[in-house]
Amino acid sequence: MNVLVINGTPRKHGRTRILASHLAHTHNTNYIDLSDFSLPLYNGEKDQQDMQEVKQLKEMALEAEGFILCTPEYHSGMSGALKNMLDFLGGDHFKNKPVALIAVAGGGKGGINALNNMRTVVRGLYGNAIPRQLVLDPVHFDSEQRMLTSDGKELVENVFSEFNVYLETAKRLSFK
């Protein structure tokens, strides 16, 4: 299974990083951490396509059979870092591939707009965002241990389980 988990936060110590790292380590996936992965601000200029980081991103995305996008919600949308990364990619990277969407919110009613924002962009990239999506609130994290709580892990595993069904279905249908 060649899945690419994206930590969509630029924060080194944020909850989104805890989530994405948990997914990558638990399921032995490939992982891009946008708090460490240095991409320039996308401008559409051809010279950016020759940058090593951009080439690495495109290669990893092209080889991926599916994606799990994790983002904090910033002002009712996904993080700028995640949107910037997605701007470097195109339909050839996402076409017919399943994509799981998980947002990390500050509590209350946050997160849903980030999910909708990601769903719209994934559709524009011809990816297949799976129906089950998730918002994790602070209660789903153990901040002292820097890990998900047992309830948080269960919620994440439910999303991953459905994602895996779509991943296996895409393989059987030979979507590429």
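Predicted model: local features only at pLDDT ≥ 70, side-chain atom pairs only at ≥ 80, totals over all residues.
## Helix H6

Helix H6 covers residues 150-172. It has 23 residues. From first C-alpha to last, H6 reaches 33 Å, close to the 33 Å expected at 1.5 Å a residue.

Which residues of H6 are buried? They are Gly152, Val156, Val159, Phe160, Glu162, Phe163, Leu167 and Ala170. An α-helix has 3.6 residues a turn, so residues three or four places apart point the same way. The buried residues of H6 pack against several strands: E1 (3-7), E3 (66-72), E4 (98-104), E6 (134-136) and E8 (147-148). They also pack against helix H1 (15-26).

## Where H1 meets H6

Two packed helices are described by the angle between their axes and the distance between the axes. The axes of H1 and H6 come within 12 Å and cross at roughly 60°. That angle makes H1 oblique to H6. The crossing is right-handed.

Which residues make the contact? From H1 come Leu19, His22, Leu23 and Thr26. From H6 come Lys153, Val156, Glu157 and Phe160. Sorted by class, the contact has four nonpolar, two polar and two charged residues. Val156 and Phe160 are also on the list of buried residues in H6.

## Two buried strand residues

Valine 5 lies in strand E1. Is valine 5 buried or exposed? Its relative accessible area is 0%, so valine 5 is buried. Leaving out residues up to four places away in sequence, valine 5 touches Ala20, Leu23, Ala24, Thr29, Asn30, Tyr31, Ile32, Ile68 and Cys70. Valine 5 and lysine 83 are 78 residues apart in sequence. In space, their C-alpha atoms are 15 Å apart.

Isoleucine 102 lies in strand E4. At 1% relative accessibility, isoleucine 102 counts as buried. Its contacts, leaving aside neighbours within four places in sequence, include Leu19, Leu23, Ile68, Cys70, Leu115, Met118 and Val159. Val159 belongs to the buried set of H6. Another residue of that set, Val156, is 54 residues from isoleucine 102 along the chain. Yet the C-alpha atoms of isoleucine 102 and valine 156 are separated by 8.4 Å.

## Residues in the loops

Where is glycine 110? It sits in the loop between E4 and helix H5 (112-124). Because its relative accessibility is 22%, glycine 110 counts as partly exposed. Not counting residues up to four places away in sequence, glycine 110 touches Glu73, Ala105 and Val135. Proline 72 is 38 residues from glycine 110 along the chain, and their C-alpha atoms are separated by 9.4 Å.

Asparagine 96 is in the loop between helix H4 (91-94) and E4. Its phi is positive, near 65°, though asparagine 96 is a residue other than glycine. With a relative accessible area of 22%, asparagine 96 is partly exposed.

Arginine 146 is in the loop between strand E7 (141-142) and E8. Arginine 146 is not a glycine, but it has a positive phi of about 55°. Its relative accessibility is 39%, so arginine 146 counts as partly exposed.

Methods:
Residues numbered from 1 in each chain as written. Heavy atoms only, no water. Helix = DSSP H or I, 4+ residues; strand = E, 2+ residues; numbered from the N terminus. Expected span 1.5 Å × (residues − 1). Buried < 20%, exposed > 50% of the residue type's maximum accessible area, 1.4 Å probe, protein only. Contact = heavy atoms within 4.5 Å. Axes fitted to C-alpha atoms, helices over the stretch in contact; angles between N-to-C directions. Parallel < 35°, antiparallel > 145°, perpendicular 65-115°, else oblique. Left-handed = near helix turned anticlockwise from the far one by under 90°. Nonpolar A, V, L, I, M, F, W, Y, C, P; charged D, E, K, R; others polar.
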